[in-house]
Amino acid sequence: MTPTLVKATFFLTLSGALALVSCQSEKEETSTKTEEEEEHSTSWTPTDPSLIAGQKVYETECSLCHDEGEEGAPRLSKKETWEKREAKGLATLLDHAINGYDGPNGEMPARGGTPTLTDEEVTNAVKYMLAIPK
């Protein structure tokens with residue numbers, strides 16, 4: 001393996017491990033989700049190809065934090081927190097998701113802590129998160 005490939009593999013493995021560790025609870029908790037919150041990701045299926053792609057990214061990368069609100073991440077099912085973010089505009093949300101953001105309630109790591117995600121993949125995931133009924 002070339003030194004560049006070794007470094008890339010190391011950073012990819014490290015960033016994946018950090019993302020998993022940062023979103024794990026310190027203790028096991030019983031679910032307190034309402035029936036509506038339990039169904040939010042399964043009761044709606046996107047038909048737009050970019051939203052379908054965004055759903056896949058969300059489920060594999062974003063849901064670790066956004067399903068439970070870990071590390072200050074806005075829970076996908078909380079309409080009021082998304083309305084506040086949506087009011088800032090799509091460009092701001094995409095900037096925070098792609099480049100990272102350190103806010104008063106938590107932080108958003110650049111590309112959700114997965115540096116291999118492309119701008120298009122992050123954009124699709126953000127658009128999916130905005131589109132899903134809450």
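**Exercise 1. Describe how helices α3 and α6 are placed relative to each other.**

Step 1. Two packed helices are described by the distance between their axes and the angle between them. Here the axes of α3 (residues 49-66) and α6 (residues 119-131) come within 7 Å and cross at roughly 85°. An axis is a line fitted to C-alpha atoms, for helices over the stretch in contact, and angles run from 0 to 180 degrees between N-to-C directions. Helices are DSSP runs (H or I, at least four residues), strands likewise (E, at least two), numbered from the N terminus.

Step 2. Now name the arrangement: α3 and α6 are roughly perpendicular to each other. The scale is: under 35 degrees roughly parallel, over 145 roughly antiparallel, 65 to 115 roughly perpendicular, the rest oblique.

Step 3. Look at who touches whom, where contact means heavy atoms within 4.5 Å. From α3, the contact includes L51, V57 and Y58, and from α6 it includes A125, Y128 and M129. The contact residues divide into nine nonpolar, five polar and two charged. (Ala, Val, Leu, Ile, Met, Phe, Trp, Tyr, Cys and Pro count as nonpolar; Asp, Glu, Lys and Arg as charged; the others, Gly among them, as polar.)

Before going on, please note that this is a predicted model: local features need pLDDT of at least 70, side-chain atom pairs count only at pLDDT 80 or more, and totals for chains, interfaces and linings use all residues. Residues are numbered from 1 along each chain as its sequence is written, and side-chain values use heavy atoms, with hydrogens and water left out.

**Exercise 2. Now do the like for α5 and α6.**

Step 1. The axes of α5 (residues 90-99) and α6 come within 10 Å and cross at roughly 125°.

Step 2. That makes α5 oblique to α6.

Step 3. Among the residues that meet are L93 and I98 in α5, and V122 and V126 in α6. This contact divides into eight nonpolar, one polar and two charged residues.

**Exercise 3. Characterise the ring pair of Y58 and Y128.**

Step 1. The ring centres lie 5.7 Å apart and the planes stand at 45°, so the pair is tilted. (Rings of Phe, Tyr and Trp, its six-membered ring, pair if their centres lie within 6.5 Å; planes under 30 degrees apart are stacked, over 60 edge-to-face, the rest tilted.)

Step 2. Y58 sits in α3 and Y128 in α6, 70 residues apart.

Step 3. Both tyrosines are buried (under 20% relative accessible area; exposed is over 50%, partly exposed in between, with a 1.4 Å probe and protein chains only).

Step 4. Finally, ring pairs link W44, Y58 and Y128 into a cluster.
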